[in-house]
Amino acid sequence: MAICLRRAGALILSRLGNVSAMAGIARVTEATLDVLDVLLKAHAEGRDVHGWELKKATRRSGPTVYGVIDRLEDARLIEGHWENQEPSDKGPRRRYYRLTGAGVTTASSLIAERRGQRTRSGFQAPKHGRPAINCGWAR
């Protein structure tokens, strides 16, 4: 739902229920949507995802993916945990991530709002950009 306001001759659009503002995410980028899409698919499959898998699935750089992960953890949309590792296991421990309850709701809403339909998980994005909001003041 959009509300149109006039202030000092300028038109200001205010979106009620703005998902990104409610979720505490200051900036929602395509990389953020890509990571959320992979996490949402993993949630549907009942599994957690480690950082390298997110990097590979989104085809984004490590700093980009881990920056998104940090923002999503700060917003409490995802939670991470370290894998259990035996002393005989080789290599560093992996950190796994999963969406929280609020994260599932927010991810679904953001992807639907920003992309129209899910893309990486099997749906097609809309062919045209987001429709303009009509406040009834156009002449």
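# Helix packing and core of a predicted chain

Helix α3 passes helix α4 in a right-handed crossing. A crossing is called right-handed if the near helix is turned clockwise from the far one by less than a right angle, and left-handed if it is turned anticlockwise. The model is predicted: local features need a pLDDT of at least 70, side-chain atom pairs count only at pLDDT 80 or more, and totals for chains, interfaces and linings use all residues. Residues are numbered from 1 along each chain as its sequence is written, and side-chain values use heavy atoms, with hydrogens and water left out.

## Two crossing helices

α3 covers residues 51-58 and α4 covers residues 62-74; their axes come within 9 Å and cross at roughly 120 degrees. Here an axis is a line fitted to C-alpha atoms, for helices over the stretch in contact, and the angle, from 0 to 180 degrees, is taken between N-to-C directions. From α3, the residues G51, W52, L54, K55 and T58 meet G62, V65, Y66 and I69 of α4. Contact means heavy atoms within 4.5 Å. Sorted by class, this contact has five nonpolar, three polar and one charged residues. In this sorting Ala, Val, Leu, Ile, Met, Phe, Trp, Tyr, Cys and Pro are nonpolar, Asp, Glu, Lys and Arg are charged, and the others, Gly among them, are polar.

## The chain as a whole

The chain has five helices and five strands, and along the sequence they follow the pattern β-β-α-α-β-α-α-β-β-α. Both kinds of element are DSSP runs numbered from the N terminus: helices are H or I runs of at least four residues, strands are E runs of at least two. Of the chain's 139 residues, 31% count as buried. Buried means under 20% relative accessible area, exposed means over 50%, and partly exposed lies in between, with a 1.4 Å probe and protein chains only. Among contacts between residues at least 6 apart in sequence, 55% join residues at least 24 apart.

The 16 residues of α2 should span 22 Å at 1.5 Å a residue, and its end C-alpha atoms are 23 Å apart, which agrees. The expected span is 1.5 Å times one less than the number of residues. Buried residues of α2 are A31, T32, L33, D34, V35, L36, D37, V38, L39, L40 and A42. The elements that cover them include β3, α3, α4, β4, β5 and α5. T32 is one of these buried residues, and it touches R27, V68, R71 and L72, leaving out residues up to four places away in sequence. After α2 comes G46, with a positive phi near 75 degrees.

In soluble globular proteins, nonpolar side chains tend to be buried together. The largest nonpolar core here has 25 residues, and L39, L54, L72 and L99 have the most contacts inside it. Such a core is a set of buried Ala, Val, Leu, Ile, Met, Phe, Trp, Tyr and Cys residues joined through side-chain atoms within 4.5 Å. Two or more residues each come from α2 (30-45), α4, β5 (95-99) and α5; the largest share, eight residues, is that of α2.

## Helix α5

α5 (residues 101-115) has 15 residues and reaches 21 Å from its first C-alpha to its last, close to the 21 Å expected at 1.5 Å a residue. Its buried residues are G103, V104, T106, A107, L110, I111, E113 and R115. Just after α5, G116 takes a positive phi of about 80 degrees.

## Single residues

Most residues other than glycine have a negative phi. R59 has a positive phi near 60 degrees and sits in the loop between α3 and α4. R76 also has a positive phi near 60 degrees; its place is the loop between α4 and β4 (78-82). H50 belongs to strand β3 (residues 49-50) and touches R94, R95, Y96 and Y97, leaving out residues up to four places away in sequence.

The table gives accessibility for some of the residues named above.

| Residue | State | Relative accessible area |
|---|---|---|
| T32 | buried | 2% |
| H50 | buried | 7% |
| G101 | exposed | 57% |
| R76 | exposed | 65% |
| R59 | exposed | 77% |
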